[in-house]
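Student: I am new to this structure. Can you walk me through how to read it?

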Amino acid sequence: MTVDALTRTDAVSEEAATEAPVDSTPQAETTSETTEAKTEAPEASAAPASSETPAEENTAESPKPKRGRPKVATTAKKTRTVELTLTVTGTADGEWQAELKNGAKWVAKGLEIPAAAVSRAAKELHADLSGPIDEVINAARELQAAKVAQLEAELEKAKLALAELDA
């Protein structure tokens with residue numbers, strides 16, 4: 001029994017009994033059930049209205065949001081990349097070598113390559129590469145030309161010395 005049921009006067013109880021249909025359940029239980037029914041009724045009536053609105057929205061959108069970044073359809077092909085490292089080294093004398101590495105594994109080491117091939121390859125790759133490489137090649141060419149001139153001068157001296165000995 002609730003406090004309301006205890007504080008009611010007999011007159012009020014009699015009026016309630018004459019107005020309400022006869023029930024086999026006691027008065028206090030009927031009052032609490034009615035209160036519960038009233039509190040459940042607004043929730044029940046509100047629940048379908050609120051559940052219909054999200055259901056309509058969910059049918060327009062995806063049924064359940066997914067975690068992470070949304071997947072975007074791309075037309076680009078996923079290609080496998082290969083890491084190749086080509087190292088070309090040159091000396092002031094004009095000697096050039098190439099080394100090729102695939103990832104961490106050496107494919108070729110110490111390959112002799114001509115300076116003309118290095119110059120052509122640099123021009124093919126990019127103008128910014130060919131400029132500095134051509135400068136190194138031209139400096140090596142001048143050095144070699146000076147060496148050839150020196151050796152030709154020595155050769156002339158040796159030929160003159162040989163000619164004197166033969167005479």
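Tutor: Start with a term. A residue is buried when its relative accessible area is under 20%, exposed when it is over 50%, and partly exposed in between. Keep in mind that this is a predicted model.

Student: What share of the 167 residues is buried?

Tutor: Buried residues make up 7% of the 167 residues in the protein. The protein exposes about 14600 Å². Carbon and sulfur atoms supply 57% of that area.

Student: How many helices and strands does the protein have?

Tutor: There are 5 helices and 3 strands. Next, read their order along the sequence. The pattern is α-α-α-β-β-β-α-α.

Student: Let us take the strands. How many bridges join strand 1 to strand 2?

Tutor: The count is 7, and strand 1 and strand 2 run antiparallel. The hairpin of strand 1 and strand 2 has 5 residues between the strands. There, G94 takes a positive phi near 95°.

Student: And how many bridges join strand 2 to strand 3?

Tutor: Here the count is 6, and strand 2 and strand 3 also run antiparallel. L100 has A108 of strand 3 as its bridge partner. This hairpin has 2 residues between the strands. In it, G103 takes a positive phi near 70°.

Student: How should I think about side chains on a strand?

Tutor: In general, side chains of a regular strand alternate between the two faces of the sheet. Now pick one residue here. K101 lies in strand 2.

Student: Is K101 buried, exposed or partly exposed, and why?

Tutor: K101 counts as partly exposed because its relative accessibility is 26%. That value falls in the range between 20% and 50%.

Student: Which residues does K101 touch, leaving out those up to four places away in sequence?

Tutor: K101 touches E83, L84, T85, W106 and V107. Look at E83 again. E83 and K101 are 18 residues apart along the chain, and their C-alpha atoms are separated by 8.3 Å.

Student: W106 is on that list. Which residue lies over the face of W106?

Tutor: That is K109, at 4.6 Å from the ring centre.

Student: What about rings paired with rings?

Tutor: A pair of aromatic rings is described by the distance of the centres and the angle of the planes. A search of the whole structure finds 0 such pairs.

Student: Now a helix. Which residues of helix 4 are buried?

Tutor: Helix 4 covers residues 115-125, and V118, S119 and A122 are buried in it. Seen down the helix axis, the buried residues of helix 4 fall within an arc of 100°, so they line one face. On the other side of helix 4, R120 and E124 are exposed.

Student: What covers the buried residues of helix 4?

Tutor: The cover includes strand 1 (84-90), strand 2 (96-102), strand 3 (105-113) and helix 5 (127-166).

Student: Why does S119 count as buried?

Tutor: S119 counts as buried because its relative accessible area is 12%. The cut-off is under 20%. Leave aside neighbours within four places in sequence, and S119 is in contact with D134 and I137.

Conventions:
Residues numbered from 1 in each chain as written. Predicted model: local features only at pLDDT ≥ 70, side-chain atom pairs only at ≥ 80, totals over all residues. Heavy atoms only, no water. Buried < 20%, exposed > 50% of the residue type's maximum accessible area, 1.4 Å probe, protein only. Helix = DSSP H or I, 4+ residues; strand = E, 2+ residues; numbered from the N terminus. Arc of directions from axis to C-beta. Contact = heavy atoms within 4.5 Å. Areas by Shrake-Rupley, 256 points an atom, 1.4 Å probe, with all protein chains shown as cover. Phe/Tyr/Trp six-rings, centres within 6.5 Å; stacked < 30°, edge-to-face > 60°. Lys NZ or Arg CZ within 6 Å of the ring centre and 35° of its normal. Pairing = 2+ DSSP bridges.
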